[in-house]
Structures are given as C-alpha cells and as structure tokens.
Amino acid sequence: MRKISIFGATGSIGESAFDLISRQGGPLAYETVALTGGYNVARLAQMAVELRAKCVVTAFDACLPELRGALNSYGARAQSIKASAGAQALIEAADQPCDWALSAIIGAAGLAPGFHVLRHGGTLALANKESLVTAGPIFMAESAKYGATLLPVDSEHSAIFQTLVGEDIATVERIILTASGGALRDWPYERLKTATLADTQAHPNWSMGQRINVDSASMFNKAMEIIETKEFFKVKPAQIEVILHPESIIHSMVAYQDGAVMAHLGAPDMRHAIGYALHYPMREKLPVPRLDFVALSQLNFKAPDLTRYPALRLAHEVMHQSGTFGAAFNAAKDVALDGFIAGQLGFMDMAPLVEETLSTLMRSNSLKNAPLSLDDVVQSDHLAKTTARVLAQKFS
Ligand code: NAD
Ligand code: MG
C-alpha cells in the first residue's frame, strides 16, 4: 500500500485531496502516515479516524488538548493515533518516510515541512506556492539532491507540467499563465478601494480558501505564480506572460519555437491537479466535471491592466532582484493581507504597502541578491513582516 501524508489536510486543497483518497478506498487503498492542520481540530480528528492515520498534528500548541479531546470522542477507533502540536511536531511528521506527500499548508509555514519531505526522496505534490516564491532555488536544489519527485499542484503549473510532457523545455518560447481576474474583475477601477473582505470571496469560478480568494482578486496570487513558474520550470521572467481568461477553462498554455501553442483545458476543479499528482505518471479516472464545448460556446482573453494589478509589476521586480526578495515579498504580502482581512487596510493599500516594504529593506541593504540559505529566508521573512507592520500603521 502507498504511504501518504497530507500537510494542511483541513484546508481547501487538503479537503479536495481527502475527497479523492476517500473515494478510492481511503484506508483500504492508502496507509496514512501523517495528517496536519491548524485550528480546525474537530475536522482534523475526523479525517485522521477515517483514514486511520498513524499521527496527527495541529500547528498550534494551544489546540492540542482540544485535538486529543476530539480524538477521544472516537473511542477505540482513535486509540492508536498519535497526536502532537507545534512547528517541531510538523517537522517530525515530515521526517516520517512516505511515498507521496501533499504540501498544502498556506503561507511560508509550509516551507520547512516540504523541505524535510524532500529529504526522503519520495514524491512531493506541491500546492504551497510560497515554498518556491520564498526559497525557489534551494527548494529545487534540495529536491534534485535527494532525487525527490516534485509535482506542481497549482492548477496553472500542473497544466504547464502536463503540457510539457515529452517536450524539451529548451524549445519553449513563452509560458502563458491564465488568470480569472478574481471576484472583483468586473468592478470599475475607482470602486476597488472600497472593496471589503466579503466582496473578494465570491470567486467566479474556483472554490478556494479565504486568503487565496483575496490574493486572486488583487492578482497577488498570479504574481506569486509568475515567480513559481520561473523557479519550477527554470525559464526567464521575460518568457512568462499573464492573460486574463474569465472562464478559467484553459489552465495555462505553453508556446513552442515552431509556433505551436499547447493548452491544458478542464473544469475549474482542483481535484484535477491534485489527482494528476496523486496518480502520476498514470492518468486515472477523476470525479471532475467534463467539458461541454457547445455549452461553453466561447472562451475570452484580455491583457491585464498593470495599474489595476500592481502586484504583477512587483513580481517582475522580485525576479529581477532574486535572492531573499521573494521571501520579503511574500512576508510583506501576508502582512498586507492580514491587514485587509482585519479591516485595517484598504484593498488598494496592499500593493503600496508591499512595495514600500521592499524599498525600505533595499535602502537599508537588508536583502541579499546572492545565493541564499534557509536561514536567510527565515530571517528575511521576519524582517519584512516587522517592517511591513510598522509601515502599515501609515495606511490605517
Ligand atoms: P487554506 O487556508 O484553505 O488551508 C490551509 C491549511 O494550512 C489548513 O489545513 C490550515 O490548518 C493549515 N495552516 C494554516 N496556518 C498554518 C500554520 N501557520 N502552520 C501550519 N499549518 C497551517 O488554504 P488553501 O486554499 O487550501 O491553500 C493551501 C496552499 O495551496 C496555499 O499555498 C495556496 O496558495 C495553494 N493553492 C491553493 C489553491 C486552492 O484552490 N485553494 C489552488 C492552488 C494553490
Ligand atoms: Mg493557481
């Protein structure tokens, strides 16, 4: 039986993976080594019991008694499940060998567990784009060093990966990332500054977590994905294009030097990308909606407006600088996002805050362009968060 672990099992991606695994027999088909989550310990315990997991971890120490209580409520069915909490427990779970692990924690917290999984050389299905944004070169190097199989789970990157099967990356001219434009895409520019958290959550096509819904509306998500593309596929920033495609049917495209463009199409359902990574290199049946081209009738495309989406410009600045700029960019973006979610920052204040944080750190020579270590990444993350929190006060 294949041994699996899911980091961030209770999130939007984790739930989709759980759904696929459960439909395929759950504990009869897979041996679950570890499941991790955060505050939602009742759901985490339920998943652990259903999959008969060996160990279950909440990222937060304060949630451990509640997790143990939730497990106890299952009586004998939960007796052999080891429960633990905290960052070190997450690492210990990542150190347990498994054949397939899903990195679906949100934010920079996903980086360290992913690193540890790579070290036992199995397959890491990577939804946590922050791993590549903050530490792309060392993450990819670690994967190569230990002979791990790294598979993208972000829908765009899964699409590109699938489109590249059997092709030579040297023959690629352009990679075209598609973007839905998020919940506010039809709002007039002037109105965007009044957008609330609730406004950003009504994503037109995808069902996702709260944070990524905001990032999708601001295009910070696409900015991260540009960087993710550069790191994963090792292409030049100038080869990466972003195009608005409101239907989210084409998940991305690869244009080759002979003029051919290969596109990956499918219903907007993350279970496709997760299922592809789960069964790679095979294609198994997946419970995703099938496309009806006649019902669709047309697909639309538009160039993104960089005034409306300053995050896209910032992504190019980060790639130009490289080094620890990705970690600082991600950290400042997370502070801006926290501020917006808390109602302390306006929707259109997020990008200026990120930009000002990066300029402040550049002026004080606090960021490194040179090759980086994991410690450099962690330090830049802390520094950028502290700086962004101070600067955020100007905006509130
Ligand atoms: P989510 O917020 O729904 O879930 C996040 C998971 O991480 C939960 O299990 C939560 O308990 C856990 N978590 C939160 N904070 C943590 C911490 N500090 N330490 C450890 N665990 C923590 O997020 P999501 O939407 O499922 O996204 C997960 C990752 O996948 C993100 O990197 C996101 O960018 C990426 N992604 C998501 C989608 C999507 O459709 N949701 C699509 C592509 C990529
Ligand atoms: Mg995506």
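A charged pair and its surroundings

Author: Lysine 129 and aspartate 154 are both buried, a term for residues with under 20% relative accessible area, where exposed means over 50% and partly exposed lies in between (1.4 Å probe, protein chains only). The model is predicted, so local features need pLDDT of at least 70 and side-chain atom pairs count only at pLDDT 80 or more, whereas totals for chains, interfaces and linings use all residues; side-chain values rest on heavy atoms, with hydrogens and water left out. Residues are numbered from 1 along each chain as its sequence is written, while chains are lettered from A and ligands numbered from 1 in the order in which they are written.

The side chains of lysine 129 and aspartate 154 meet in a salt bridge, at 3.0 Å from N to O. A salt bridge here is a side-chain nitrogen of Lys or Arg within 4 Å of a carboxyl oxygen of Asp or Glu. Lysine 129 lies in the loop between strand E6 (123-126) and helix H6 (130-145), and aspartate 154 in the loop between strand E7 (149-152) and helix H7 (155-164), so the pair ties together parts that are 25 residues apart in sequence. These helices (H or I, at least four residues) and strands (E, at least two) are DSSP runs numbered from the N terminus.

The structure as a whole holds 21 salt bridges.

Glutamate 225, like aspartate 154, is buried.

Helix H10 leads on to helix H14 (residues 325-341). The axes of H10 and H14 come within 12 Å and cross at roughly 165°; axes are lines fitted to C-alpha atoms, for helices over the stretch in contact, and angles run from 0 to 180 degrees between N-to-C directions. H10 and H14 are therefore roughly antiparallel to each other, given that angles under 35 degrees count as roughly parallel, over 145 as roughly antiparallel, 65 to 115 as roughly perpendicular and the rest as oblique. H10 passes H14 in a left-handed crossing, the name used if the near helix is turned anticlockwise from the far one by less than a right angle, right-handed being the clockwise case. Phe220, Ala223, Met224 and Ile227 of H10 make the contact with Phe329, Asn330 and Lys333 of H14, contact meaning heavy atoms within 4.5 Å.

Lysine 333 also takes part in a salt bridge with aspartate 334, their closest N and O atoms being 3.2 Å apart. Lysine 333 is buried at a relative accessible area of 3%, and aspartate 334 counts as buried at 10%.

Helix H9 (residues 210-218) bears on this region too. Asn213, Val214, Asp215, Ser216, Ala217 and Ser218 of H9 are buried. The buried residues of H9 pack against H10 and H14, and also against helix H8 (197-201), helix H13 (310-321) and helix H15 (350-363). Methionine 219 follows H9 and has a positive phi, near 70°.

Arginine 23 and aspartate 19 have their closest N and O atoms 2.8 Å apart. Being 4 residues apart in helix H1 (residues 12-23), they are separated by about one helical turn. Arginine 23 is exposed, with a relative accessible area of 53%, and aspartate 19 is partly exposed at 24%. Lysine 129 and aspartate 154, by contrast, are both buried.
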